[in-house]
Amino acid sequence: MEKAGSPLEQVRSSIAQACNRARRDPGDITLVAISKRHTAATIEPLLIEGHRHFGENRVQEAAEKWPALREAHPAVQLHLVGQLQSNKAEEAAALFDVIHSLDRPSLVKALAKAFDKTGRLVPCFVQVDVGDEPQKGGCPVGDLPALLTQARDADIPLAGLMCLPPADIEPAPFFAFLDKLARDHGLEGRSMGMSGDYETAIMLGATHIRVGTALFGERPA
Ligand SMILES: *Cc1c(COP(=O)(O)O)cnc(C)c1O
């Protein structure tokens, strides 16, 4: 069956269906359109359709692309979904409205300092390495309680937990695990689910889904 409507309409409709099955309110799901490696020309149609949440994985690329786009669309909320180096914390604090990749003590310190200096207070998701894949970033599961305590002591606003499960394995158990960790630690947000699995993530409690390919097509190399 041919699907009707723009990619954004199709994704919104899939979100509505998943919410219906999960008996959840679609208003509780934030769709973050991951625009990494896409040009302004590809991003603009989504802005014109009224979409406001976008995500990038590199500070440098976001700093090159978004100031101009934001001038035309000031209500944009920009999310950082990639690994953040401590020496870029200040630039990230100035540029992004939500950070999904807080994952280590040195970054807690760097962000606390950056928030002091810039006068901004950016909500942060703590990224958890649910699949034991350190190369992807993320806090080891065993270190999570200490990292959360440290972040709270440093007055970092905590939005919730984020995960990027291993590719090519059924993601549902990882989503369920992140949901449980968030509940255990009294955190509201769950940033999980991408183009291939966001409906599953919604069934399992996602509040923020990060969708690139389903909205923009394949990324340029
Ligand atoms: C690229 C990226 C996504 C989006 O992936 P798609 O499969 O294109 O939807 C989501 N989360 C993170 C952290 C990413 O880097």
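## The largest pocket

The largest pocket has a volume of about 390 Å³. A pocket here is an open set of points on a 1 Å grid over the protein atoms alone, with protein on both sides within 12 Å along at least five of seven lines. Its volume is the space filled by probe spheres set on the points, which are joined across faces, edges and corners.

The lining of the largest pocket has 18 residues. K36, N57, V81, L164 and M194 lie nearest the centre. A lining residue has an atom within 4 Å of a point. By class, this lining has 6 nonpolar, 7 polar and 5 charged residues. Nonpolar covers Ala, Val, Leu, Ile, Met, Phe, Trp, Tyr, Cys and Pro; charged covers Asp, Glu, Lys and Arg; the others, Gly among them, are polar.

## How the model is read

This is a predicted model, in which local features need pLDDT of at least 70 and side-chain atom pairs count only at pLDDT 80 or more, while totals for chains, interfaces and linings use all residues. Residues are numbered from 1 along each chain as its sequence is written, and side-chain values use heavy atoms, with hydrogens and water left out.

## The ligand

What takes up the space of the largest pocket? The ligand does. A molecule sits in a pocket if more than half of its atoms lie within 2 Å of the grid points. Around the ligand are I34, K36, V81, L164, M194, S195, R210, V211, G212, T213 and R219. Each has a heavy atom within 4 Å of the ligand. This shell has 5 nonpolar, 3 polar and 3 charged residues.

Polar contacts pair N or O atoms within 3.5 Å. An N or O atom in the K36 side chain is 2.6 Å from a ligand oxygen. A polar backbone atom of G212 is 2.8 Å from a ligand oxygen. For R219, a polar side-chain atom lies 2.8 Å from an oxygen of the ligand. The protein covers 90% of the 390 Å² of accessible area that the ligand has on its own (Shrake-Rupley method, 1.4 Å probe).

## Other spaces

The second largest pocket has a volume of about 160 Å³. Its lining includes K136, L164 and M194. By class, that lining has 7 nonpolar, 1 polar and 3 charged residues.

The whole structure has 1 cavity of 30 Å³ or more. In a cavity, a 1.4 Å probe fits but cannot get out. The largest cavity holds about 40 Å³ of space. Among its lining residues are Q127, K136 and L164.

Technical notes
A polar contact is a pair of N or O atoms within 3.5 Å; within protein, one must be able to donate a hydrogen and the other to accept it, and residues adjacent in sequence count only if both atoms are side-chain atoms.
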